[in-house]
Amino acid sequence: MAFDIEMIRKVYEELPGKIEAARKEAGRPLTLAEKILFAHLHTDMPLKNFERGTHYVDFAPDRVAMQDATAQMALLQFMQAGRPQVAVPSTVHCDHLIQAKTGAAEDLVAAMNTNKEVYDFLASVCNKYGLGFWKPGAGIIHQVVLENYAFPGGMMIGTDSHTPNAGGLGMIAIGVGGADASDVMAGLAWELKWPKLIGIKLTGKLSGWTAPKDIILKVAGILTVKGGTGAIVEYFGEGADAISATGKATICNMGAEIGATCSIFAYDEKMSNYLKVTDRADIADLANGIIEHLRPDPEVAAAPEKYYNEVIEINLSELEPHINGPYTPDLAWPISRFAEAVRSNNWPEKLEVALIGSCTNSSYEDISRSVSVARQAVDKHLKVQSEFTISPGSELVRYTVEKDGLLQAYDTMGGIVMANACGPCIGQWARHIDDPTRKNSIITSFNRNFAKRNDSFPGTHAFVASPEIVTAFALAGDLTFNPLKDTLLNEDGEQVMLDEPTGFELPPQGFSVEDAGYQAPAEDPSSVEVLVSPESQRLQLLAPFAPWEGTDIKGLRLLIKVRGKCTTDHISMAGPWLKFRGHLDNISNNMLIGALNFFNDSTDKVKNQLTGEYGPVPATARAYKAAGIGSIVVGDENYGEGSSREHAAMEPRYLGVRAILVKSFARIHETNLKKQGMLALTFANKEDYDKFLEDDVIDIEGLNHFEPGTSLTVVLHHTDGTSESISVNHTYNDQQIKWFKAGAALNIIRQNALAKQQQ
Ligand code: SF4
């Protein structure tokens, strides 16, 4: 059901030839990441184009995965493409919208009621267009992908930042925005800057309290939250091969915390074992047949500094358990120094909640090791001292650990098992606390611990550690505890020491599950109807954007001249607005409300030139749109930096903004604007920014000769009757100019699909 062996067979048939050709052209051995990247090029390109960190290259990923929050707009856009089916195998996972409150059963029922229209929509789109649908309660996207879809040597994109989790099975898996996902599902190439490479050599072996999580916590401390930006992190060495596949996945998952494009491990026996136990022996057999292509060339490991931009070495035999935080995942503390750090920084010593699970750490191995600590509560007459919750990563793991008698240990210890979902990891947590403003400490086995992420309370100090350390802390209830050397006072008044955790890498009797929560797409999609209520406040079908009118654009009003930083968050704020991410009209009411107006240094207060009054940016844009008048946004440097959020490009397009003219763009946002049929322009002379006045009426000229490398002219008509012409640049290529003329990139795909159907 869940994987496409024919697709993988084809990838493996082509992989050796492609890698051989790349190695020949490079004239040197290749790292694993390079092999997979070369094997997934969308079109052949000369090797000189692959200079690391500078050139953008088109790729053809094998798969797309989407979580329920980001899938909504990605699928609404994909539907615009007019294709009968997705171009590559794709799946949707219902995990982000379930709130953890009282326990798995009740919380799941509540989520089904609250999010019914979203789930019905996603299920119906999957059914109609050939996507796999994982129902609420099936599990967290990355764990389910690891169990069912990830395969060594493959390439996947996913609409979630922890997509790199699949690197644990030797896959290049990268988190992207919804627009990228809809493009790939529609059959377009996917663009990525050819990455730099960081090699991490692991020597020695993990033992005792130290777990795979501690490797990435240590790496985060070394590289910091920015150190992996623009790079693929490749792990190698005998220490790497000794880590379980799920342990490798934990490390790759948290590579997102150092900003890495993705992280990857080479194919080995551990991956083979995991594939077999998750019912994919045929993939393991195929991979074993080409194993030398699924590992870096031997010369790379022998002299890594010649092939990676940076090399870090970690001796696992010397690695201590780590605890990172608070407020940032790169504040790394070896456990021997943590108690002192807590005291000297005056962090709350009392531990209030311990939480394990999430996509990062909820494998059978994680749970079995954590349970080996939990069981000591009974044996050594200890009681849990803090609240303790468990969020399993998938129904497959949950069912198996229950069948194997592991889950019961948490019950006995006083823990609460939540739904197989993200829950507290993404703030979907109805936490019970007397005073949400007071300082308090929690510890999780999740990946992110930025302020307010888990419970939205600014005073919460969140720390990150392995599941076994989190479980030990739940028994201690005190952040200054060190299970490696400290004792705990039990109910009999005795001082007892916790034994080192032990566990099973894979379930001794194999995995089993009654209902994994998967819905295959309909065999006959013709009668499937996509379910969206016209009254819905959360979902709205998209209408195609209008094509270019074929003339210069005249009479635009200046909507806002933005002063200073303007990220995608300033353009399309998150927080409470996220519930409207499937409803373009409703979410457009957040457009640019965080941007600073140059003329009054206020946010969300701009002049409506039709009335002379000041009002919110979205309402003003709507007033122009209603009057049939277009508008323009003027901005500063690096406009649109931040996360790749397609709403930041769709909203202005929807509200009638025709052009964004700035000193410079963040590249991804610039491309997103082009995809939506907008004009993304930059000042030829940055000082011309100063010429824009609040009441200007603006023309854009030269569009009948819109060509790559030529500039356009913007004419400013001031209220005093004078006019000024300025030159503006663009980076559109031929294809992108076609997108502009058609009204959007998806309009072209739809035209092509229609033409095909009519043949
Ligand atoms: S468990 Fe947390 S990190 Fe993982 S997908 Fe869910 S929200 Fe993201």
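How do the residues of the lining of the second largest cavity divide into nonpolar, polar and charged? Six are nonpolar, two polar and two charged. Keep in mind that this is a predicted model.

**Stop 1: the second largest cavity.** Select Ala546, Pro547, Trp548, Arg653, Val657, Arg658, Gly677, Met678, Phe740 and Gly743; these residues line the second largest cavity. The space inside comes to about 60 Å³. The structure has six cavities of 30 Å³ or more.

**Stop 2: the largest cavity.** Now select Gln77, Phe545, Gln676, Ala744 and Leu746. Of the 16 residues that line the largest cavity, these lie nearest its centre. The volume here is about 140 Å³. Show the helices next: α3 (68–80), α7 (178–185) and α25 (745–758) each give at least two residues to this lining. Colour the lining by class, and you get nine nonpolar, five polar and two charged residues.

**Stop 3: the second largest pocket.** Go to Lys10, His40, Ala60, Pro61 and Asp62. They lie nearest the centre of the second largest pocket, which has 19 lining residues. About 400 Å³ of space lies in this pocket. Select helix α1, residues 5–26: this helix gives the most to the lining, with six residues. By class, the pocket lining holds twelve nonpolar, three polar and four charged residues.

**Stop 4: the ligand.** Select the ligand and display the residues around it. The shell consists of His96, Ile140, His142, Asp160, His162, Ser358, Cys359, Cys422, Cys425, Ile426, Asn447 and Arg453. Five of the shell residues are nonpolar, five polar and two charged.

**Stop 5: the largest nonpolar core.** In soluble globular proteins, nonpolar side chains tend to be buried together. Which residues have the most contacts inside the largest nonpolar core? Select Met66, Ile172, Leu202 and Tyr235 to see them. The whole core has 139 residues.

Centre on Tyr235 and hide its neighbours within four places in sequence. The contacts that remain are Ile200, Leu202, Ile215, Ile216, Val219, Ala240, Ile251, Ser263, Ile264, Phe265 and Ala266.

How values were computed: Residues numbered from 1 in each chain as written. Predicted model: local features only at pLDDT ≥ 70, side-chain atom pairs only at ≥ 80, totals over all residues. Heavy atoms only, no water. Core = buried A, V, L, I, M, F, W, Y, C linked by side-chain atoms within 4.5 Å. Buried < 20%, exposed > 50% of the residue type's maximum accessible area, 1.4 Å probe, protein only. Contact = heavy atoms within 4.5 Å. 1 Å grid on protein atoms, 1.4 Å probe; cavity = no way out; pocket = protein on both sides within 12 Å on 5 of 7 lines; lining within 4 Å. Points joined across faces, edges and corners; volume = space filled by probe spheres on them. Helix = DSSP H or I, 4+ residues; strand = E, 2+ residues; numbered from the N terminus. Nonpolar A, V, L, I, M, F, W, Y, C, P; charged D, E, K, R; others polar. Near = heavy atom within 4 Å.
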